[in-house]
Amino acid sequence: MTPFGEKLRCLRTERGILQRDMAAALEVSPAYLSALEHGRRGAPSAGLIHQICSYLGLIWDDADELKALAKLSRPRLKLHTAGLTPEQTALGNRIARALRDLDPPTVAAMHKLLDAAQEATSESLPPRAKTRAKAADSNPES
């Protein structure tokens, strides 16, 4: 399950909406909606996310959260290591191989470590480089 799929299912069930009813309202198949919720399909289009937000009555922060989760919910990732150090390439490949076997506390610890490293790097950059780094963070496939 992806972060987007988990949130979508939670929002739908909180409101007591059946998957088939939501799918009909969004004009998608129930199988597609199920695949989104279970992470078997990639992130939906911006248009479908907008439809989902409208259907569920999400505004402002809630809608922004769902959009952000969609960006984090690509079930198949590409890792471009051209231009990275050999150590960075090895780390990326090691994480890809080991990720399935990591327990939730380890995953949470890795998130914290990466957040702290990113924050420290951002603080040490000159203002112009910070803008470029922020833009790169908003595009996870770059």
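The model is predicted, so local features need pLDDT of at least 70 and side-chain atom pairs count only at pLDDT 80 or more, while totals for chains, interfaces and linings use all residues. Residues are numbered from 1 along each chain as its sequence is written, and side-chain values use heavy atoms, with hydrogens and water left out.

**Stop 1: Thr2.** Select Thr2, in the segment before helix 1; helices are DSSP runs (H or I, at least four residues), numbered from the N terminus. Thr2 is buried, with a relative accessible area of 10%. Buried means under 20% relative accessible area and exposed over 50%, with partly exposed in between (1.4 Å probe, protein chains only). The Thr2 side chain reaches the backbone nitrogen of Gly5 at 3.0 Å. Beyond its neighbours within four places in sequence, Thr2 is in contact (heavy atoms within 4.5 Å) with Leu36, Gly39 and Ser73.

**Stop 2: helix 1.** Next select Phe4, Gly5, Leu8, Leu11 and Arg12, the buried residues of helix 1. Seen down the helix axis, they fall within an arc of 135°, so they line one face of helix 1; the arc is that of the directions from the helix axis to the C-beta atoms. Glu6 and Glu14 are exposed on the face turned away from the buried side. The buried residues pack against helix 2, helix 3, helix 4 and helix 5. Just after helix 1, Gly16 has a positive phi of about 70°.

**Stop 3: helix 4.** Select residues 46-56, where Leu48, Ile49, Ile52, Cys53 and Leu56 are buried. These cover an arc of only 140° around the axis, which puts them on the same side of helix 4. Ala46 and His50 are exposed on the other side. Which helices do the buried residues of helix 4 pack against? They pack against helix 1 (3-14), helix 2 (19-26), helix 3 (30-38) and helix 5 (60-71).

**Stop 4: the core.** Select Phe4, Leu8, Met22, Ile52, Leu56, Leu58 and Leu66, the residues with the most contacts inside the largest nonpolar core, which has 20 residues. Such a core is a set of buried Ala, Val, Leu, Ile, Met, Phe, Trp, Tyr and Cys residues joined through side-chain atoms within 4.5 Å. Helix 4 gives the most to this core, with five residues. Finally, centre on Phe4: leaving aside neighbours within four places in sequence, Phe4 is in contact with Pro44, Ile49, Ile52, Leu66, Leu69, Ala70 and Ser73.

Technical notes: Helices (H or I, at least four residues) and strands (E, at least two) are DSSP runs, numbered from the N terminus. A polar contact is a pair of N or O atoms within 3.5 Å; within protein, one must be able to donate a hydrogen and the other to accept it, and residues adjacent in sequence count only if both atoms are side-chain atoms.
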